[in-house]
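Q: I would like to learn how to read the contact between two chains. Where do we begin?
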Amino acid sequence: MKWRNRSKPFVIIITILLLLFMLFPFFVMISTMLKSGEGVYTSPPNWIPKKIMFSNFITVWTEYDLLGYFESSLIIAIGATIFNTLLSVPAAYAVARLKFPGRKTILYMFLVIQMFSPVVVVISLFKIIAGIHLLDTYISLILTDTVFTLAFTTWMLNGYFKSIPLDIEQAALIDGCTRGQTITRIMLPIAVPGLVTTMIYTFIFAWNEFLFALSFIKSRPKMPLTIGLYNFVGRWSTQWQYLTMSAFLALIPVLFLFYVIERRLVAGLAGGAVKG
Amino acid sequence: MADRVIIGKRSKWWNEETRLAYLLLFPAVFVLVAFMFYPIVYVFLMSFFNADKLGRLRAFSGLKNYKTLLATKEFWKVTGRSIIWTAIGVFSKTIFGLVIALLLNVEYRGRKFSRMLFIVPWASAVPISAMLWMWVYNPEFGLLNYTLEVTGLWKNPPVWLGKPISAFGACMWVDIWIGIPFMALVFLAGMQSIPSERYESAYIDGVNSMQKFFYITLPGIGELLMIATLLSSLWTFNDFNVIYILTRGGPANSTNILITSIYQYGFEWLKFNTASVMAVVTFLILSIVSIIYAGIYFKRERE
């Protein structure tokens, strides 16, 4: 929209005020993560720490098991990403390129179940996971995170595959490529942006997941970041300087990844008219 | 037929292509059936049975669980709260989203940077954001109340998470705060797809900004507004993390919505009958909204 020039400064001022307002908790995070133990619990609190403790950065790795939480989160997120890709690529190829009875129904189901709430099924899922002896394992989370991202990633990939011109694939088939070869050598390389989007989406979902981890993981070394940090929160004496420092470190990778896919994600969720 | 890669003959429906399709779909469909559909079926079953403390089905009890739960005040309170939570949440997200989208639609240096910053609440991990907010809301040591008092914006700010109404409001705000960026991004994308000639001709006609907004911008993003609000309703209704982390439904049950109640009844009190009936009710509500969303989305895709 073309605004007259004199309203621009006004827009910028409002934007800055709104940003200060929206980013408030992150300012608090940055202010707290360098405070000392007493600095956190002084009343009234201060924005600028009296004593700046860069050592907090070291302490969270050495005295708290942040490294272990990072490791668990990484294993779960990478596991879910791989598993999801292995399942969604063939499924998306089938709905995008092949004709078979029930194709429309399957597509529609994929779209509807994207929205299913994990809470609705978590009770019976717990029973199933316990039944196949997977409680307190990484696999339980890799599995559930895969399942709850699968519909969305298949749906997204289906869109990317459909946008690849058929001639390219047809030519490869005529030249004697097998179906598998056309998928791995022709379709996937072209669909890389789409694939990157769905992989990052799954990774972030698993990295941020809280409910399943809370329900299925009991032993400390297997806890992912979200649960590990949640256990920092004691009733009275949470060491907020360490919690905010860990939160900061845990957020950096997801923020970075999120910016890579953000536009495609919005386009994928909002459909047709929004271009990725 | 020309728009497909043809292999083999397509005389019967059970041909090579169909077999390949089912083969490729099988792994995905299998895990979805095993870990999504089967659990849903089980929850439905559980709601019609007497379940013991381990969640095993004991005896068929028909609609008894439903009758018992629907007769409690608690259920209606929680359901009502879920609806209020969603309605106020989505409404606020839409308004904030529109304002931010309008601001981001103005060209100035650093616009891309502000767009990036506005996304942070959505990009951040929800459980971690909720924990940060818990600290922000701290009445004695938290920087929110301190800042409100010092700047004179609010002389006596409440003990946010300590009292029922302020706790519910505080949780609601965190959920709204997380949901705003998505709305803003969708609206912004919509606004940018409106041809600028429309604004130019409006400018020549001497139309004011208000009229431009209501006669050009809003209709221009109409359908997107619909999709975004539907999606947002689903997410808002489904939000478990914020309430669970901030208050666990307290104080005195005042912030429990359906989603958090299901978890509490199931995992903390092991009352599977109650939990499963609530889950079924939730499932039905969510399904209706999902189907509407899918319908609109499908229509768009075809156009």
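A: With a definition. A polar contact is a pair of N or O atoms within 3.5 Å; within protein, one must be able to donate a hydrogen and the other to accept it. Keep in mind that this model is predicted.

Q: How many residue pairs are in polar contact between chain B and chain A?
A: The count is 15 residue pairs, with both residues at pLDDT 80 or more.

Q: Which helix gives the largest share of the side of chain B that touches chain A?
A: Helix H1 of chain B, residues 16-47, does. It supplies 21 residues.

Q: How do the residues on that side of chain B divide into nonpolar, polar and charged?
A: There are 84 nonpolar residues on the side of chain B that touches chain A. Another 15 are polar and 13 are charged.

Q: How many residues does each chain bring to the contact, and what is the buried area?
A: Chain B brings 112 residues and chain A brings 109. The area buried between them is about 10,400 Å². Carbon and sulfur atoms give 78% of that area.

Q: How many salt bridges are there between chain B and chain A, and which residues form one?
A: Look for a side-chain nitrogen of Lys or Arg within 4 Å of a carboxyl oxygen of Asp or Glu. The count between chain B and chain A is one. A:Glu262 pairs with B:Arg115, and their closest N and O atoms are 2.7 Å apart.

Q: Are the cysteines A:Cys177 and B:Cys171 buried or partly exposed?
A: B:Cys171 is buried, because its relative accessible area is 0%. A:Cys177 is partly exposed, at 24%.

How values were computed. Residues numbered from 1 in each chain as written. Chains lettered and ligands numbered in written order. Predicted model: local features only at pLDDT ≥ 70, side-chain atom pairs only at ≥ 80, totals over all residues. Heavy atoms only, no water. Buried < 20%, exposed > 50% of the residue type's maximum accessible area, 1.4 Å probe, protein only. Contact = heavy atoms within 4.5 Å. Buried area = accessible area lost by both parts, 1.4 Å probe. Polar contact = N/O pair within 3.5 Å; in protein donor to acceptor, adjacent residues only side chain to side chain. Helix = DSSP H or I, 4+ residues; strand = E, 2+ residues; numbered from the N terminus. Nonpolar A, V, L, I, M, F, W, Y, C, P; charged D, E, K, R; others polar.
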